[in-house]
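Please look over the sequence and the model shown here before reading on. The report below takes up helix packing, then a pocket, then the overall fold.

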Amino acid sequence: AAMHACVKGQQWEKALALFDDLPRHGLEPNEVAFSAAVGALGCAGRWEDAVAALSRMALAGYYPDVIAYTAAIRACSTGGRWEVA
């Protein structure tokens with residue numbers, strides 16, 4: 001919830017920091033955290049990382065939902081990479 005609030009408030013750096021800190025606190029990211037991270041990366045214009053996070057989400061056993069896919073597509077669009085989207 002905190003990550004999503006950061007993304008909504010255009011504080012994508014904080015959202016990504018929270019995501020990166022999860023393992024340090026003994027927590028594994030869930031599908032909500034992954035979706036928020038993909039959204040934050042998209043807001044940051046980091047389309048490659050957004051697509052990689054989407055793949056990492058699937059490898060972790062979570063099925064990317066429409067929110068995660070939309071965020072990744074938006075990231076690719078912002079980065080001018082429609083062919084990747």
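At roughly what angle do the axes of helix α3 and helix α4 cross? The axes of α3 (residues 31-43) and α4 (residues 47-59) come within 8 Å and cross at roughly 170 degrees, where axes are lines fitted to C-alpha atoms, for helices over the stretch in contact, and angles run from 0 to 180 degrees between N-to-C directions. That makes α3 roughly antiparallel to α4, a term for angles over 145 degrees. Helices are DSSP runs (H or I, at least four residues), numbered from the N terminus.

This is a predicted model, in which local features need pLDDT of at least 70 and side-chain atom pairs count only at pLDDT 80 or more, while totals for chains, interfaces and linings use all residues. Residues are numbered from 1 along each chain as its sequence is written, and side-chain values use heavy atoms, with hydrogens and water left out.

On the α3 side, Glu31, Phe34, Ser35, Val38, Leu41 and Gly42 meet Asp49, Ala50, Ala53, Leu54, Arg56 and Met57 of α4, contact being heavy atoms within 4.5 Å.

The largest pocket is lined by 18 residues, of which Val7, Ser35, Gly39, Ile67 and Ala71 lie nearest its centre; a pocket is an open set of points on a 1 Å grid over the protein atoms alone, where a 1.4 Å probe fits, with protein on both sides within 12 Å along at least five of seven lines, and lining residues have an atom within 4 Å of a point. Helix α3 gives the largest share of this lining, 7 residues.

Overall, the protein has 5 helices and 0 strands.

Definitions and conventions: Helices (H or I, at least four residues) and strands (E, at least two) are DSSP runs, numbered from the N terminus. Angles under 35 degrees count as roughly parallel, over 145 as roughly antiparallel, 65 to 115 as roughly perpendicular and the rest as oblique.
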